[in-house]
Amino acid sequence: MERSAGKELALAPLQDWGEETEDGAVYSVSLRRQRSQRWSPGEGPGGSQTPTPAADTFLHYRTSKVRALRAARLERLVRELVSGDREQDPGFVPAFLATHRAFVPTARVLSYLLPPPPPPPPPRVESKTTEGQDLSFNKNLRAVVSVLGSWLRDHPQDFCDPPAHPDLGSVRIFLGWAAPGGAEAQEAEKLLEDFSKEPEGEQEEEELLVAWAGPPRAAQAPRPDSPEGCVEEDEGPRREGPELLDFCVDAVAEQLTLMDVELFARVRPCECLGSVWSQRDRPGASGVAPTVRATVAQFNSVTGCVLGSVLGAPGLAAPQRAQRIEKWIRIAQCCRELRNFSSLRAILSALQSNPIYRLKRSWGAVSREPLSTFRKLSQIFSDENNHLSSREILSQEEATEGPQDEDNPPGSLPSKRPPGPVPYLGTFLTDLVMLDTALPDMLEGDLINFEKRRKEWEILAHIQQLQRRCRSYSLSPHPHILAALRAQRQLSEDQSYRVSRVIEPPAASCPSSPRIRRHISLTKRLSAKLSREKTSSPGNSPGDCSSPTSSLSPGSPPSSPRTKNPPFGSPPASPGPQGPSTKLPLGPDLPPSSPRVPLPGPQTSEARVIRVSIDNDHGNLYRSILLTSQDKTPSVVQRALLKHSVSQPWARGYQLFQVLPGDRELLIPDNANVFYAMSPAAPGDFVLRQKEGTQHTPSVSMN
């Protein structure tokens, strides 16, 4: 089989060669193909003619050893920034700059990176004597300046420490003598100027978020003499103007996309790191990850609009309520056409939630065409094969790009690329939390596990790539629709479910209607060697179709009932019911570019990730814990309390229960091996409850 001249082979590793240790650093070694060109006689560097491919030209490949730093101490990692081989390991510098805040502050990195200024040259010494000595020093300076230029340009928020910004001041002093007047020094000065104007910018950003994502119309308290859960209308004057569903579906979808694009473009990827995002509910962490919080708030606001518009008028007849459901389905379809997967997921999650999903008569009045559309859209976020469908669709949407302008034939019009897509941010948040939970920060010998940071960087780079593509949207704000979004009634968790029960009592809707209880039906099973092993045939996590869910933190998407051919007029079978919540979870979908973390599969590994909550009045907060086959109940309880910021001495006052389908629970004995005592066929969700007679009340922060 002939190969066309000049055609390259994929430079994939032939094999993993192993590891090497050098100066206390651990390198992973692989063998890769590298191309070397051979030319026809008379051509090439030794010939007089310009090298051009010919019939007898062929490609020659040689095998070379490539090293990538896997683990080292901080000093060695910083040295690698300056002296590392960019050709052999091009991803080291961007991975370090993007993830270093997870294991070391910026000031400490600068203390190792910035060299002191050189001493003045001694008097009466000719320049020739010092030129050779300064050669290596100047080369090192150029490397440091290059790293700082990338750092200032790609991660400016690392240097924001008001009011004095000391880290940026250190960089400015260094660049003042190392590269005076250079592009890096100008970038540092511009950044300081931007930071001085930041209070005004923050105020404008807050006004933007208030204008778009909130504040929503407050939930109304039910009157004591009203039917259970019924929401009274405002006593004040009602807002004049059209309601949200009075606008055409295209316009509403465009405004939702406009808001999602702006908020997603403002997300700082470093705030998505699992070690950062998982701290959001701890005491004093209200300011953690503000750009991510804004995106989550927008997602919850959209779900609240759907719930409020469908359930906000209990007196509507089933056909009228069905019309509202149909319109939201059409809005979801428009979001799909706009490649806005964030609002698409929010609308579908609201329609799949228990308060709406259980309305059997309303769903029975929905027309066939919208119902079919809803089922097709719901398959995008199907939980089959670890949400493989949504991953493939997002990958296909990213690949849907027109040719570059320089690739167009002469005289032809430039091709128009489709904008977006806008992803579902919960996909990446949960991936990063799972990575942070499953992989250790430090390895034996107090070495920083940089392999973990590389895996995190793959996801962060994917986020940045999508942010760049979102700039191609060209949408204009519609003040009337934005005002209608702000004015849309919002219902609390309990109100939405109680109003639903008033609209259709449980007996008339579904005999097995779930009670107001919060379970999460996701099980993540991970191998003990996450960075080395791959699964060949991922399975499905068992789901409890009758268990409502409610969580603002990254959690599971709705579980799917397994009925394949529901009769027409019944609620769609592809989505599953969620709990009575307007705050729906951000689900764990690994993006196509994510690291090779094993997917949920048969119970064959020696470790799995479980989710533990505390039964109290502070809400439904789940924390992920890596459970191994050696863990017994006391250690699991202690780690769960630590994750929930509850004092350790009270560990003996708690009991551990596994949540089973059908509102059942399994008590794990105090000295049992949790890995083997738990039910393998049930979701890996647990709850801690105080033992009877225990007086301690844990304090969990809700931000």
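In which sense do β8 and strand β10 pair, and over how many bridges? The two strands, β8 and β10 (residues 685-690), run antiparallel and are joined by five bridges. Strands here are DSSP runs of E with at least two residues, helices are runs of H or I with at least four, and both are numbered from the N terminus; two strands pair if DSSP finds at least two bridges between them. The model is a predicted one, so to speak of local features takes a pLDDT of at least 70 and side-chain atom pairs count only at pLDDT 80 or more, while totals for chains, interfaces and linings use all residues. Residues are numbered from 1 along each chain as its sequence is written, and side-chain values use heavy atoms, with hydrogens and water left out.

Three residues lie between β8 and β9 in what is a hairpin, and G662 in the turn has a positive phi of about 75°. Six of the seven residues of β8 (residues 654-660) are buried, so the strand is largely enclosed by the rest of the structure. Buried means under 20% relative accessible area, against over 50% for exposed and in between for partly exposed (1.4 Å probe, protein chains only).

Zooming out, β8 belongs to an open sheet of five strands with mixed pairing, in the order β7-β6-β10-β8-β9. The edges are taken by β7 (623-628) and β9, each with a single partner strand, so one side of each has no neighbour in the sheet. On average, neighbouring strands are turned by 40° against each other, direction ignored. Angles run from 0 to 180 degrees between N-to-C directions, and axes are lines fitted to C-alpha atoms, for helices over the stretch in contact.

Then come the helices. Helix α22 (residues 633-643) lies across β6, β7, β8, β9 and β10, at about 155° to β7. Helix α17 (residues 426-438) lies across β6 (607-614) and β7, and runs at about 40° to β7.

Elsewhere, the axes of helix α12 (residues 341-352) and helix α15 (residues 368-380) come within 10 Å and cross at roughly 115°. On the α12 side the contact is made by F341, L344, L348, L351 and Q352, and on the α15 side by F374, L377, S378 and I380.

Methods
Contact = heavy atoms within 4.5 Å.
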